[in-house]
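These are my notebook entries on one protein structure. I record here what I looked up in it.

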Amino acid sequence: MSVTIKDVAKQAGVSIATVSKIINNKPSISEATRQHVFQVMKEMNYLPNAQASNFARKRSDNIIFLAVTKKHTAFHDPHMFEILCGAQNEIWEKRYHFSFIGTPDKETALQEAEQFIGRKAADGLLIHGSATSRPLADLLTRTEFPHVIIGRPPFSTSTCWIDINNHVSGEMATKYLTSCGYSKIAFIGGQERDEISRHRLKGYVSTMRIQGFPVPDSFIKYGTYSKESGFDMMEELLRGSSLPDAVICEDNQIAIGAADAITKHGMTIPDDIGVLTFDDYPLSQLIDPPLTVVDIDVHEMGRQAASILLKKIKNPALQVQSFATLPSLIVRSSTRNV
């Protein structure tokens, strides 16, 4: 027969209320009484019911990471899992439980969030940008539930969020290429409405213009995040009347396709055309030559998001909307050095 809190109280010679206060770390009990009761609990092999204790304290000791996941998400968006690992490390250090919930779409993510908040199944939510929607942001604002959105929402909102400054990433990529002697730099990216691509593109365009280099419309191409799209966009550039001497590729898959197109046309990297991409995935080192990248420490970004959320759980009035984690340049042989 399992030992109950009543048994502990009787053996220790204190009230059930006193044992409950000690379990829940209430400050009104003397240290001598606290140590005595802990010793009795140890001798009786009593383990408090964590679920009941959390219910009494109106907390779950659980944090949920909410994202939209589909087939091959790990390949198309490996950032998500690096962010997840960074967040998990921070949360486990603070002795919280950590749950990952993947949903097929944003509508389901909203429904799950409504359930978590309504049932008090979590103390806070980390929300990946893939799951973010205006209805979800409205829910978080209305309920004042502790949360941090990872990735700036593409709409005006009073929710808490952190993001990478992708404009700075675009600037860094362009400044480095111009410092290498490239002046006719093209940009090939994802869909025109993609937030990350759009901000990196703005950084590229503004830097080119500040340095006095032209940006022909033909030097900016939109496609999809795939090798095939990268090949097609690079083909269009190479068939144009004005050839670029360097190309900024929005991701590694696009860069692989672009490199194939350059090779097909009998040109060499980096002498004829320099190639630079973003994010230091393993793929960026498997291409020949290995790619120069502007990298973001998304593991650190996940850790920062979790740290902010833990602070917000303690202080619900805390409001954070900021860019975090500056990019860094990793130079390899796909760009020439001068």
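In which loop is the place of Glu-144? I found Glu-144 in the loop between α8 (134–143) and β4 (147–150). Helices (H or I, at least four residues) and strands (E, at least two) are DSSP runs, numbered from the N terminus.

I note that this is a predicted model, in which local features need pLDDT of at least 70 and side-chain atom pairs count only at pLDDT 80 or more, while totals for chains, interfaces and linings use all residues. Residues are numbered from 1 along each chain as its sequence is written, and side-chain values use heavy atoms, with hydrogens and water left out.

Entry: backbone angles.
I read a phi near 55° for Glu-144, a positive value in a residue other than glycine. Glu-144 counts as exposed because its relative accessibility is 65%. For these terms, buried is under 20% relative accessible area, exposed is over 50%, and partly exposed is in between (1.4 Å probe, protein chains only). Arg-95, not a glycine either, has a positive phi of about 65°. I located Arg-95 in the loop between α6 (79–93) and β2 (97–103). Arg-95 has 71% relative accessibility and therefore counts as exposed.

Entry: cis peptide bonds.
I found a cis peptide bond from Ile-269 to Pro-270, with omega near 10°. Pro-270 sits in the loop between α12 and β9. Asp-288 and Pro-289 are also joined by a cis peptide bond, with omega about 0°. The loop that holds Pro-289 runs between α13 (283–286) and β10.

Entry: helices α1 and α2.
I looked up how α1 (residues 5–12) packs on α2 (residues 16–23): the angle is about 110° and the axes are 8 Å apart. Axes are lines fitted to C-alpha atoms, for helices over the stretch in contact, and angles run from 0 to 180 degrees between N-to-C directions. α1 and α2 are therefore roughly perpendicular to each other. Angles under 35 degrees count as roughly parallel, over 145 as roughly antiparallel, 65 to 115 as roughly perpendicular and the rest as oblique. From α1, Ile-5, Lys-6, Val-8 and Ala-9 make the contact with Ile-16, Val-19, Ser-20 and Ile-23 of α2; contact means heavy atoms within 4.5 Å.

Entry: helices α11 and α12.
At what angle do the axes of α11 and α12 cross? I read roughly 45° for α11 (residues 227–238) and α12 (residues 252–264), whose axes come within 6 Å. That makes α11 oblique to α12.

Entry: nonpolar cores.
A nonpolar core is a set of buried Ala, Val, Leu, Ile, Met, Phe, Trp, Tyr and Cys residues joined through side-chain atoms within 4.5 Å. The largest has 41 residues, and Tyr-204, Met-234, Val-247 and Ile-248 have the most contacts inside it. Elements giving two or more residues to this core include α9 (166–179), α10 (195–210), α11 and β8 (246–249). The most comes from α12, which gives seven residues.

I then followed Met-234. Its contacts, leaving aside neighbours within four places in sequence, are Pro-244, Val-247, Ala-258, Ala-261, Ile-262 and Ile-273. Apart from this core I recorded another, of 25 residues, with Met-80, Ile-162, Leu-310 and Val-320 among them.
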